[in-house]
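Let's walk through this structure together, one feature at a time. Have the model open beside you as you read.

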Amino acid sequence: MSDNDKLECLRELQKVLSEKFDLEIQAETLPADLRKEETLLKEANEKYLELNERYKAVTDEVKSLSIRYEDAFNARTGYEKQMEYLNTQREYEALSKQLDEARIQEATLLKQRTSKTQELERLQGDLQAQETVCDEIKARVDEERSKIQAHLDEIAASIEEKEAACERIKGETISEELYAKFCNIVRKKKGLGIVPVHGQVCMGCDRVLPMQFVIDLRLKQQSNEIEYCPYCSRIIYYEELPEDIEKNYIFEQLEPSKGEGKSSGEGEGQKSDSDSYDESMGMGEGFEDF
Ligand SMILES: [Zn+2]
């Protein structure tokens, strides 16, 4: 039923708007994975630099130990040569002592150098492994970045299309003010900004509306006016259901008072006074003015 072309428009708009909002959320959350990868890369690079510092320090230590070992080696071989030219027992004893010390020194330095050299080799291996890790993450970051950029561009283009579609649908039928308000409702209400009323029940929030409110709603609907659910603030419209189904959504018997007899309200008993509708029920708590 094309009872109200505004409602028709809004229902169409709702579909496009919720698609647009989904796209906006996607565009916001997409770079999250990239940020994660970038953090990983930063950490991996820091670890590489640390290892590299350590590698340089150990290289220097190995160099220094090598020089000291060379010196110790030369000292020991020098003493050994001198041993060949000794004349007295005293000289021999003194030199023997020096030679022993030199041998110990040489052996100690050799051991230290060997151990440091091994450490250096390990570090070299670690450094290469870390370099590979960094390269891998970097490749992922680059790929992710270009992929995301391409994807973000696509999303931006889609959003533009949706906006153009909204403008087309909106046309002259929906005012800028109503459009802005409706956008807010759809956004806040997770894509559901316009809902039918079945019998007396708002299908957005399942609350029961006063019968008089529903009767007024139907009148407004016919004169192209917009009404909001007093409980959930969504735009509502009356949707006629087969009588046997509709009766499940009716909790109050009240006949339209002003000759709108063609409505589905047949079969009600006596005409209860429509004044009994308490206006204060209209604005229940939780109503948001968008
Ligand atoms: Zn509602």
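**The metal site**

The zinc ion sits in a tetrahedral site, with angles of 104 to 113° among its four donor atoms. Four donors get that label if all angles lie between 85 and 135 degrees. This is a predicted model, where local features need pLDDT of at least 70 and side-chain atom pairs count only at pLDDT 80 or more, while totals for chains, interfaces and linings use all residues. Residues are numbered from 1 along each chain as its sequence is written, and side-chain values use heavy atoms, with hydrogens and water left out.

Which residues hold the zinc ion? The protein donors are the SG atoms of C202, C205, C229 and C232, lying 2.3 Å from the metal. (Donors are N, O and S atoms within 2.8 Å of the metal, or 3.2 Å for Na, K and Ca; water is not among the atoms, so sites may look incomplete.) Along the chain, the donors follow the spacing C-x2-C-x23-C-x2-C. C202 in strand β2 (residues 201–202) and C229 in the loop between β3 (227–228) and β4 (235–238) are 27 residues apart, so this pair links distant parts of the chain. Helices (H or I, at least four residues) and strands (E, at least two) are DSSP runs, numbered from the N terminus. C202 counts as buried at 0% relative accessibility, and C229 is buried too, with a relative accessible area of 0%. Buried here means under 20% relative accessible area, exposed over 50%, and partly exposed in between (1.4 Å probe, protein chains only).

Now for the nonpolar cores. In soluble globular proteins, nonpolar side chains tend to be buried together. A core here is a set of buried Ala, Val, Leu, Ile, Met, Phe, Trp, Tyr and Cys residues joined through side-chain atoms within 4.5 Å. The largest one has 23 residues, and L10, L13, L17, F182 and I235 touch the most other members. At least two residues of this core come from each of α1 (5–29), α3 (89–170), α4 (176–188) and β4, with α1 giving the most, seven residues. Domain 1 (12–169) and domain 2 (193–282) each supply at least three residues of this core; the domain bounds come from an automatic or database domain assignment. Not counting residues up to four places away in sequence, L10 touches I174, F182, I194, I226 and I235. Apart from this core lies another, of 14 residues, with V195, V197, C202 and V214 among them.

On to the charged residues. Side chains of opposite charge can pair when their charged atoms come close. The whole structure has 23 salt bridges, each a side-chain nitrogen of Lys or Arg within 4 Å of a carboxyl oxygen of Asp or Glu. In one of them, K15 pairs with E19, the closest N and O atoms being 3.8 Å apart. K15 and E19 are separated by about one helical turn because they are four residues apart in helix α1. K15 is exposed at 55%, whereas E19 is partly exposed at 30%.

R187 forms a salt bridge with E24, with 3.0 Å between the closest N and O atoms. This pair links distant parts of the chain, R187 in helix α4 and E24 in helix α1, 163 residues apart. Salt bridges that share partners join K20, E24, E163 and R187 into one network. K20 lies in helix α1 and counts as buried at 9% relative accessibility.

Terms used
Tetrahedral: all angles 85-135°; square planar, octahedral: opposite > 155°, others 65-115°. Contact = heavy atoms within 4.5 Å.
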